[in-house]
Amino acid sequence: MDLRHIEDVIKDCKGGIIEKKEMVISNLEELKDQDRDGIDSSNALQMFLNHILISSIPGIRNSGVLELKSEECLRDAIKLLYEKNVFGAPIVDYVMNSNDGNYDTNTKFSDRYIGFIDFARMVLWSLEEREKSNIKHEETKEISNSGILSMLEEIPHIGQTKVIELAKSFLWDPFFPVHLEDTLFHVLLLLSKHRLQVVPVMERSNSRVIGFVTQIAVVQLLLQSTGLDWFDRIADKSLSEFRFENNGSLVYVYGDQSISDALHSLWENRVNGIPVIDRETKKLIGSVRINDIHLLTNDKLFRDRKTLTVEQFIHSDTRRTETSLDPMIERDVGAFLSAAFLRLKSEFLPRMDFPVTNRKTDTLKQAMRVLVESKSNCSFLVDEFSHLTGVVTLRDIIIQFSPPSIDSRINGAGFFQSALEQSGCHVENAKIVRNN
């Protein structure tokens with residue numbers, strides 16, 4: 001996304017943003033008054049989440065939605081996303097027409113979309129298949145001198161793979177849509193209980209996706225509830241008090257390993273970012289993220305991926321370390337954040353050699369602000385010597401404010417669990433009941 005496009009997004013969003021911002025602030029002020037009046041935390045939470053409609057999230061209609069056909073070949077899908085600068089797309093289900101043998105869109109509401117897939121995972125799958133292939137030496141030599149897009153042309157059994165066939169490798173995110181009249185409560189449920197990068201927003205009138213709710217937009221909205229007792233009670237705790245899901249088994253690569261090693265680690269561990277550690281000092285020196293894979297369309301980087309080190313790769317990032325954006329867009333409602341998050345190539349993401357970090361002594365709220373301000377999906381936890389001690393992701397944060405599972409065998413997390421305990425309730429048989 002270039003600066004001119006950013007300006008267009010800002011102009012398109014500005015009028016609606018002001019109105020939506022005022023509505024959200026009005027709702028928050030009302031909830032703060034109720035909070036001060038002693039309304040119990042469980043009710044305060046429910047009221048807060050049910051006050052924030054999907055339609056009030058800025059930028060929903062400004063992201064633009066590109067669809068992929070289930071019968072489209074991988075080569076064309078990757079090329080299309082790259083050319084349109086879109087990081088991912090919903091997959092439209094196509095069925096065989098018995099009359100003429102052609103494929104038609106399945107127009108049933110529940111069947112039209114069957115998943116969501118992104119550029120990076122398609123590329124990683126292609127590279128893994130490339131490594132597993134038994135290709136003749138002379139063919140390997142010829143292909144090694146081309147880029148990723150040329151490779152897909154030259155190896156038909158990879159490039160001609162249908163998008164529908166990638167379901168076998170679990171590359172799709174499940175498709176759980178919401179509607180404009182749904183609330184933040186619904187979105188939090190989906191993002192915390194399923195590993196979704198985005199939540200698609202559908203218009204009821206035509207059952208089509210009109211935009212996406214991103215994790216970063218949700219965290220931005222949650223930050224606007226600063227001052228509410230139920231929010232601060234959780235958000236003001238230090239990160240050391242939380243158990244984040246990836247901290248038990250930290251995954252990283254050394255700077256002297258190859259780009260190919262880092263890409264394989266991203267694929268193998270199904271993570272959105274790999275920290276890069278200096279082998280001698282053990283210090284964090286950067287990260288390779290799922291967002292950075294589009295750089296492999298550079299023929300030289302792709303060709304040298306097995307010999308170029310990760311440290312050389314991260315230092316080749318020429319993105320700016322500072323940006324100057326309309327402060328209303330970035331600070332108040334985050335419309336720009338979502339727009340940038342949904343782009344494949346963005347000048348406004350942190351450089352690979354400037355990793356986003358926090359200390360364990362920082363609060364959850366501080367981590368939320370760091371992630372929003374940096375437009376990143378994860379922050380690496382480091383000690384005073386810049387040694388890696390953990391990682392906190394946007395999903396980790398969202399889980400702290402998510403409701404307990406309707407399956408009473410699974411405990412809730414964060415505020416919801418705290419709210420239930422303080423109000424003398426627990427989840428049983430998919431219902432919230434009072435303790436005796």
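Predicted model: local features only at pLDDT ≥ 70, side-chain atom pairs only at ≥ 80, totals over all residues.

User: OK, then what is isoleucine 293 in contact with, leaving aside its neighbours within four places in sequence?
Analyst: Phe119, Ala120, Val123, Leu124, Leu263 and Leu266.

User: Which residues have the most contacts inside the largest nonpolar core?
Analyst: Met122 and Ile293. That core has 47 residues, and its largest share, seven residues, comes from H4.

User: What about a second core?
Analyst: There's a separate one of 45 residues, and it includes Ile60, Leu196, Leu222 and Phe401.

User: Back to H4. How do the axes of H3 and H4 cross?
Analyst: H3 covers residues 74-84 and H4 covers 119-132; their axes come within 10 Å and cross at roughly 140°. Antiparallel would need an angle over 145 degrees, so H3 and H4 count as oblique to each other. The crossing of H3 and H4 is left-handed.

User: Which residues make that contact?
Analyst: From H3 you have Leu74, Ala77, Ile78, Leu81 and Tyr82, and from H4 Phe119, Met122, Val123, Trp125 and Ser126. By class, that's nine nonpolar, one polar and no charged residues.

User: Now H9 and H16: at what angle do they pack?
Analyst: About 130°, with the axes 10 Å apart; H9 is residues 215-223. H9 and H16 are therefore oblique to each other, and H9 passes H16 in a left-handed crossing. On the H9 side the contact uses Ile216, Val219, Gln220, Leu222 and Leu223, and on the H16 side Lys365, Met368, Arg369, Leu371 and Val372. The class count for H9 with H16 is seven nonpolar, one polar and two charged.

User: Which residues of H16 are buried?
Analyst: Leu364, Lys365, Ala367, Met368, Leu371, Val372 and Ser374, in a helix that runs over 364-374. H16 is followed by lysine 375, whose phi is positive, near 60°.

User: Switching topic: is phenylalanine 175 buried or exposed?
Analyst: Phenylalanine 175 has 15% relative accessibility, so it counts as buried, the cut-off being under 20%. You'll find phenylalanine 175 in the loop between helix H7 (156-159) and strand E6 (178-179).

User: And what is phenylalanine 175 in contact with, beyond its neighbours within four places in sequence?
Analyst: Pro90, Tyr113, Ile114, Gly115, Pro200, Met202 and Val209.

Technical notes: Residues numbered from 1 in each chain as written. Heavy atoms only, no water. Axes fitted to C-alpha atoms, helices over the stretch in contact; angles between N-to-C directions. Helix = DSSP H or I, 4+ residues; strand = E, 2+ residues; numbered from the N terminus. Parallel < 35°, antiparallel > 145°, perpendicular 65-115°, else oblique. Left-handed = near helix turned anticlockwise from the far one by under 90°. Contact = heavy atoms within 4.5 Å. Nonpolar A, V, L, I, M, F, W, Y, C, P; charged D, E, K, R; others polar. Core = buried A, V, L, I, M, F, W, Y, C linked by side-chain atoms within 4.5 Å. Buried < 20%, exposed > 50% of the residue type's maximum accessible area, 1.4 Å probe, protein only.
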